[in-house]
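User: I have a structure open and would like to learn how to read its features. Could you take me through some of them?

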Amino acid sequence: EYYEIHKASDAPVIYQIYRTARGCMCHVIVSGNEAVVIDPGRHIEKIIAFTDSLGAKITHVIDTHLHADHISGARDLAQKAGAKFFMSPIDAEGATFKFEPLTDGMEIRSGENNFFAIHTPGHTPGITSLLLNGKHLFTGDTIMKTDMGRPDLGGKAEEWAGMLYNTLFVKLKSLSDEIIILPSHADSIKEQDKSNIVSLTLGDARRSGKLFSLTDDREFVMYILESLPENPESYQEMRKANLGIISPDEVKKKELEIGKNLCVMKKL
């Protein structure tokens with residue numbers, strides 16, 4: 001339940017909130033007295049206390065995708081803050097709650113900030129990245145600092161791996177190498193830079209990422225299928241919890257989140 005908060009950017013104002021034990025990060029983007037929160041964890045009181053300290057009101061809460069590695073706090077945070085809650089209708093299929101649909105090409109404005117939604121499927125079929133003012137890209141678990149989000153958590157590894165190939169080589173092709181990626185997942189605190197921020201440029205990812213070097217679609221898919229780690233049973237329970245299908249109590253939530261985070265697509 002330990003969180004670190006560090007400022008990732010002054011213009012626009014971006015804070016990265018890193019839950020080190022789970023390797024999960026959420027981002028708070030502030031403009032004037034408005035705040036947007038992307039991929040919040042379940043300890044929402046920490047986020048509310050932080051935004052209150054900034055004198056900012058949370059107006060938009062966004063889940064980039066259906067999380068499997070932790071319990072999302074997005075719905076509870078939006079309800080508590082009186083904010084709009086956005087999620088992809090693709091990932092929210094079967095959800096028991098209401099939400100604002102997060103769709104490809106839509107724009108969300110908050111103060112002086114503009115978020116442009118880019119559907120980037122692969123880790124999940126509905127995962128959607130958010131391009132902030134054409135400079136910062138919140139990728140959820142699509143692109144991380146050391147690898148990509150695994151595409152098998154819904155039991156359709158080959159199909160979703162094909163989606164990831166299209167995302168990397170078609171959907172994101174036109175974006176500049178200079179764009180700064182702020183992911184929602186890290187494999188280790190060693191990924192933090194000297195300012196304690198986990199980030200990389202899209203150019204860094206293209207130059208150093210193994211999957212970006214596999215330009216043949218079949219080779220790309222086969223590499224992924226041969227590289228997947230175990231699929232924890234608890235991940236399917238957390239997917240159900242994040243859809244509102246089950247409602248685990250606090251003890252059960254802690255139990256589900258125990259263990260190494262295996263959301264990254266990395267050979268072990």
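Predicted model: local features only at pLDDT ≥ 70, side-chain atom pairs only at ≥ 80, totals over all residues.

User: Which residues of H5 are buried?

Analyst: A residue counts as buried when its relative accessible area is under 20%. In H5 that applies to Phe220, Val221, Ile224 and Ser227. These residues lie on the same side of H5, because they cover an arc of only 135 degrees around the axis.

User: What do the buried residues of H5 pack against?

Analyst: They pack against H3.

User: How do I read a nonpolar core, and how many residues does the largest one have?

Analyst: The general idea is a set of buried nonpolar residues joined through side-chain atoms within 4.5 Å. The largest such core here has 25 residues. Ile17, Val28, Val37, Ile47, Ile58, Val61 and Leu77 have the most contacts inside it.

User: Which elements each supply at least two residues of this core?

Analyst: The strands are S2 (13–19), S3 (24–31), S4 (34–38), S5 (57–62) and S6, and the helices are H1 (44–54) and H2 (74–81). H2 gives the largest share, four residues. There is also a second, separate core of 22 residues, which includes Leu172, Leu200, Ala205 and Val221.

User: What is Val28 in contact with, leaving aside its neighbours within four places in sequence?

Analyst: The residues in contact with Val28 are Val13, Ile14, Tyr15, Ile17, Ala35, Val36, Val37, Ile47 and Thr51.

User: Where does Phe85 lie, and is Phe85 buried or exposed?

Analyst: Phe85 is part of strand S6 (residues 84–87). Its relative accessible area is 7%, so Phe85 is buried. Not counting residues up to four places away in sequence, Phe85 touches several residues, including Val61, Ala74, Phe97 and Phe99.

User: How do I read aromatic pairs, and how many are there?

Analyst: Two rings pair if their centres lie within 6.5 Å, and planes over 60 degrees apart count as edge-to-face. By this rule there are seven aromatic pairs. One of them joins Phe97 and Phe99, with 6.3 Å centre to centre and 70 degrees between the planes, so the pair is edge-to-face. Phe97 is buried at a relative accessible area of 15%, whereas Phe99 is partly exposed at 26%.

Phe169 and Phe212 form another edge-to-face pair, at 6.0 Å centre to centre and 70 degrees between the planes. This pair links distant parts of the chain, 43 residues apart. Phe169 is in helix H3 (residues 157–171), and Phe212 is in the loop between helix H4 (202–208) and helix H5 (217–227). Phe212 is buried, because its relative accessibility is 10%.

User: Which residues do ring pairs link into a cluster?

Analyst: The cluster consists of Tyr165, Phe169, Phe212 and Phe220. A ring can also have a charge over it: the charged end of Lys210 sits over the ring of Tyr223, 5.5 Å from the ring centre.

Technical notes. Residues numbered from 1 in each chain as written. Heavy atoms only, no water. Phe/Tyr/Trp six-rings, centres within 6.5 Å; stacked < 30°, edge-to-face > 60°. Buried < 20%, exposed > 50% of the residue type's maximum accessible area, 1.4 Å probe, protein only. Lys NZ or Arg CZ within 6 Å of the ring centre and 35° of its normal. Contact = heavy atoms within 4.5 Å. Arc of directions from axis to C-beta.
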